[in-house]
Amino acid sequence: MYNKGTIIPGLVIFVLLVTSPIWFNGFKAATPPKPELPPGGEKNCVMPKEYMRDNHMVLLNQWRDSVLREEERVVVTVDGKNYRKGLQMACMQCHSNKEKFCDTCHTYADVNPYCWDCHLTPKEAASKEVTH
Amino acid sequence: MDKQRRNFLKIASVTALAGIGAPALVRLTSTAAVASEHVAAAGHAPAKEKAGAHGEAAPKGVRLGMVIDMRRFVENPRLLNNAIAACNLVHNIPQIDNSKSEIKWLWKAPFTSVFPEQSAYHAAGNVENTSFAVLCNHCDDPPCVRACPTQATFKIPGNGIIAMDYHRCIGCRFCMAACPYGARSFNWEDPRPYIKKYNPDFPTRMRGVVEKCNFCGERLALGQEPACVEACKGTGAMVFGDLNDPKSEIRRLLDKEFTIQRNASLGTKPSVFYIV
């Protein structure tokens with residue numbers, strides 16, 4: 001092999017450079033998000049925790065269709081408390097802080113759901129409150 | 001193969017004759033069928049006319065509708081403002097002071113705009129000087145629903161309300177072009193800065209969707225009356241109910257009073273009636 005002295009150190013430097021993200025970040029797990037549990041202390045959701053973690057977006061779409069199209073604006077009862085079907089009506093009654101609940105995971109996973117383009121977060125709704 | 005000019009001419013002439021003669025032959029043999037078609041068409045004509053006449057089909061199911069008694073609104077000029085304010089508040093409707101961008105669910109319009117097909121020649125004074133209450137007619141045969149390419153607007157089978165799914169609206173505005181009553185508004189800009197007070201029980205809309213009156217479907221589900229009807233409570237200015245129920249209050253009123261619908265000749269079968 002010609003030029004062994006320059007090629008091998010060059011290759012080593014190249015491999016180190018290319019794999020540098022692994023050396024800097026690879027062995028440190030990023031802190032997993034910790035969404036805030038309902039401040040009101042509610043323990044049960046409309047579905048088990050595991051189902052909600054994976055499929056809350058599916059459930060929200062089903063609710064949307066049943067409320068808007070099938071006129072099934074039924075009341076959801078959890079632990080004896082009644083909620084009207086809907087993101088603003090049911091979910092946000094317990095998970096009253098969108099920034100500490102929804103956003104923690106959504107920011108971590110870099111997803112941008114468009115719920116809040118129309119739906120009001122409790123904070124926004126309170127910013128221009130109906131007084132009557 | 002023997003390709004002589006004589007044989008070629010023979011085959012060519014026979015083929016030409018067959019080609020020219022075939023249509024005539026077909027017409028001769030099929031006269032009976034064509035004639036029966038004519039009879040069938042003649043037989044269908046009267047039936048079609050009956051269906052296309054101004055009478056509506058036999059009612060079935062719930063069909064929500066409204067009677068607007070303009071005499072009550074003339075008596076009490078503040079009433080309509082209250083009804084509009086109630087609607088705006090309940091549905092987070094932005095107040096944009098610009099006729100191009102404004103959002104209207106329930107609004108005011110002069111008689112000549114609401115009933116352009118009616119003559120306003122020598123009209124009564126209270127007709128000429130009154131603002132009429134106008135809203136989505138929740139037609140039984142809605143042109144907007146037919147125009148919508150995404151089924152974002154649709155008729156709810158259970159009650160006849162023409163509802164919208166704003167999640168699904170792509171903002172093409174076909175429905176606005178299709179609606180003969182101008183009952184639909186487009187969000188040219190983010191409506192939130194123009195909303196004075198939020199109703200936390202109802203969402204707002206976003207830039208790029210069409211919106212309109214929903215007959216307060218969300219309030220009906222809670223057993224409440226539409227917001228505008230509630231604002232006129234006790235005056236009888238707005239009566240809401242099932243048009244297909246012969247015992248309902250709205251039917252009693254319709255049976256008693258002479259009412260008009262907006263541009264009924266279009267065949268959209270509006271569910272909003274006016275007593276002028």
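Chain B falls into two domains: domain 1 (5-52) and domain 2 (64-275). These bounds come from an automatic or database domain assignment. The C-alpha centres of domain 1 and domain 2 of chain B lie 55 Å apart.

The model is predicted: local features need pLDDT of at least 70, side-chain atom pairs count only at pLDDT 80 or more, and totals for chains, interfaces and linings use all residues. Residues are numbered from 1 along each chain as its sequence is written, while chains are lettered from A and ligands numbered from 1 in the order in which they are written.

Chain B holds 11 helices and 10 strands. Helices (H or I, at least four residues) and strands (E, at least two) are DSSP runs, numbered from the N terminus. Of the 276 residues of chain B, 32% count as buried. A residue is buried if 20 or more other C-beta atoms lie within 10 Å of its own, exposed if 12 or fewer, and partly exposed in between; C-beta atoms are placed from the backbone.

Now take a sheet. In chain B, 4 strands form an open sheet in the order E8-E1-E10-E9, with mixed pairing. Its edge strands are E8 (238-242) and E9 of chain B, each pairing on one side only. Two strands pair if DSSP finds at least two bridges between them. Strand E1 (residues 64-69) and strand E10 (residues 272-275) of chain B run parallel, joined by 4 bridges. B:Ile68 has B:Tyr274 in E10(B) as its bridge partner.

H11(B) lies across E1, E8 and E10 of chain B, and runs at about 115° to E8(B). Axes are lines fitted to C-alpha atoms, for helices over the stretch in contact, and angles run from 0 to 180 degrees between N-to-C directions.

Next comes one residue. B:Thr259 sits in the loop between helix H11 (249-256) and strand E9 (260-261) of chain B. B:Thr259 counts as partly exposed because 15 other C-beta atoms lie within 10 Å. Not counting residues up to four places away in sequence, B:Thr259 touches B:Val67, B:Leu254, B:Phe273, B:Tyr274 and B:Ile275. Two residues are in contact if their C-beta atoms, placed from the backbone, lie within 7 Å. B:Val67 is 192 residues from B:Thr259 in sequence, yet 8.2 Å away in space, C-alpha to C-alpha.

Finally, the contact between chains. It takes 22 residues from chain B and 15 residues from chain A. On the side of chain B that touches chain A, 11 residues are nonpolar, 5 polar and 6 charged. Ala, Val, Leu, Ile, Met, Phe, Trp, Tyr, Cys and Pro count as nonpolar, Asp, Glu, Lys and Arg as charged, and the others, Gly among them, as polar.
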